Amino acid sequence: DLFHVHYAIPHAVSAFLARSILGGRTPRIVTTLHGTDITLVGNDRSLYPMTRFALEQSDGVTCVSRYLLDKTRTVFNLDRPMQVIPNFVDTDRFRPIPNPTLREHLAPRGERILVHLSNFRPVKRAPDAVRVFARVRAALPARLVLIGDGQDRPEALHLANRLGVQRDVLLLGKQDDVETLLSVADLSLLPSAEEAFGLAALEGMSCGVPVVGTAVGGVPEVVQDGTCGFLLPVGDVEGMAEAALALLTDPGR
């Protein structure tokens, strides 16, 4: 009765084609946009006509943030109704769970634990997380836990080696149980160049972890600057490091 498809490319197009083969106006199509599909179209205009058509043919379109809705209207010049339904997390799963054994394993000398969770695509700017960490590490004992894998992993590790902090950088790769790791962290780093929402920030905050990240895209809709973290301009490694140290050296805060 219903196709609920995620991402305009390729799933909204695929849903339209499937419905065309079946004939009629059923099943209905709801398309949820997440961001990278809109960026993809912006970088490859040959996809524009088909994507816009698929969105127009959808019975409902939802976006994960107000930022993404506004950008979608601008990119595709759409005036059709669309609705913001933010991403969410299961707060029974993502919650603060003390785990002294895991914390001691990750930081055996009582170091502060910083975490970066992403798919390590260039837009996530994982090397900036390493640069921020190197500045934090120079001021106090700390360890950086990298969760995930992707294109920029080798660059991040090479940078850690070049900055002399490789022994305190732990690359854990892809993990299913990220909530357990987030719960033992002191701070989450999100230095992305672009985020339609910033789910990693929400996952961290749900586990009681403040965020130091960039004020881009939908992130300001998720992270209240100065309340549950700090947001700075893209590439402001020094500013992010100062914000991180301000939090890590103030237990009450």
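This is a predicted model: local features need pLDDT of at least 70, side-chain atom pairs count only at pLDDT 80 or more; totals for chains, interfaces and linings use all residues.

Residues are numbered from 1 along each chain as its sequence is written, and side-chain values use heavy atoms, with hydrogens and water left out.

**Aromatic pairs**

- Rings of Phe, Tyr and Trp (its six-membered ring) pair if their centres lie within 6.5 Å; planes under 30 degrees apart are stacked, over 60 edge-to-face, and the rest tilted.
- By this rule, the count is two aromatic pairs.
- F16 and F53 make an edge-to-face pair, at 4.9 Å centre to centre with 90° between the planes.
- That pair links distant parts of the chain, 37 residues apart: F16 sits in helix α1 (residues 8-22) and F53 in helix α3 (residues 48-57).
- Helices (H or I, at least four residues) and strands (E, at least two) are DSSP runs, numbered from the N terminus.
- Y48 and F76 are stacked, at 5.4 Å centre to centre and 20° between the planes.
- Y48 is in helix α3 and F76 in helix α4 (residues 66-76), so this pair ties together parts that are 28 residues apart in sequence.
- Y48 is buried at 18% relative accessible area, and F76 is buried too, at 0%.

**The sheet**

- Six strands form an open sheet in the order β7-β6-β5-β8-β9-β10, with parallel pairing (two strands pair if DSSP finds at least two bridges between them).
- β7 (169-173) and β10 (229-232) are at the edges with a single partner strand each, so one side of each has no neighbour in the sheet.
- From one strand to the next, the twist averages 20°.
- β8 (residues 187-190) and β9 (residues 211-214) run parallel and are joined by three bridges.
- In β9, V211 stands opposite S188.

**Around S206**

- S206 belongs to helix α9 (residues 199-206) and is buried, with a relative accessible area of 18%.
- Leaving out residues up to four places away in sequence, S206 touches V89, T91, F94, R95 and P96 (contact means heavy atoms within 4.5 Å).

Conventions: Buried means under 20% relative accessible area, exposed over 50%, partly exposed in between (1.4 Å probe, protein chains only). Axes are lines fitted to C-alpha atoms, for helices over the stretch in contact, and angles run from 0 to 180 degrees between N-to-C directions.
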